[in-house]
Amino acid sequence: MKTLLLIVSLLFIGCGNALSPEGRSKLRDQKIQEEIDHLKDQNRAMQDSITVINEKLMRLQ
């Protein structure tokens, strides 16, 4: 009985998203999207900084 319970428990644990190919794919895609969003935020911040620097340079001329 304990063996059966252990086997059933392992089956339920083994059905998690990280263990199936589709689950791993979804997790990978989610991580990539988070990284892309972070890079977009960094890009916007750099563009804002460049705009401010350009405005200051234009005032000096």
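## Surface patch and salt bridges

V8 counts as partly exposed because its relative accessibility is 34%. The model is a predicted one. V8 is located in helix α1, which covers residues 2–14. Together with M1 and L4, V8 makes a nonpolar surface patch of about 350 Å².

Charged side chains form the second topic. Searching the whole structure gives two salt bridges. One of them joins R28 and D29, with an N to O distance of 3.1 Å. The other pairs R44 with D41, whose closest N and O atoms lie 2.7 Å apart.

Where do R44 and D41 sit relative to each other in helix α2? They are three residues apart in this helix, which spans residues 21–60, so about one helical turn separates them.

The table lists the relative accessible area of residues in these pairs.

| Residue | Salt-bridge partner | N to O distance | Relative accessible area |
|---|---|---|---|
| R28 | D29 | 3.1 Å | 48% |
| D29 | R28 | 3.1 Å | 39% |
| R44 | D41 | 2.7 Å | 46% |
| D41 | R44 | 2.7 Å | 44% |

Partly exposed is the class between under 20% (buried) and over 50% (exposed). R28 therefore counts as partly exposed at 48%, and D29 likewise at 39%. In the other pair, R44 is partly exposed with 46%, and D41 is partly exposed with 44%.

Methods: Residues are numbered from 1 along each chain as its sequence is written. This is a predicted model: local features need pLDDT of at least 70, side-chain atom pairs count only at pLDDT 80 or more; totals for chains, interfaces and linings use all residues. Side-chain values use heavy atoms; hydrogens and water are left out. Patches are made of residues with over 30% relative accessible area and no salt bridge: like charges are joined within 9 Å, nonpolar side chains (Val, Leu, Ile, Met, Phe, Trp, Tyr) within 5 Å. Accessible areas come from the Shrake-Rupley method with a 1.4 Å probe; for residues, only the protein chains shown count as cover. A salt bridge is a side-chain nitrogen of Lys or Arg within 4 Å of a carboxyl oxygen of Asp or Glu. Helices (H or I, at least four residues) and strands (E, at least two) are DSSP runs, numbered from the N terminus. Buried means under 20% relative accessible area, exposed over 50%, partly exposed in between (1.4 Å probe, protein chains only).
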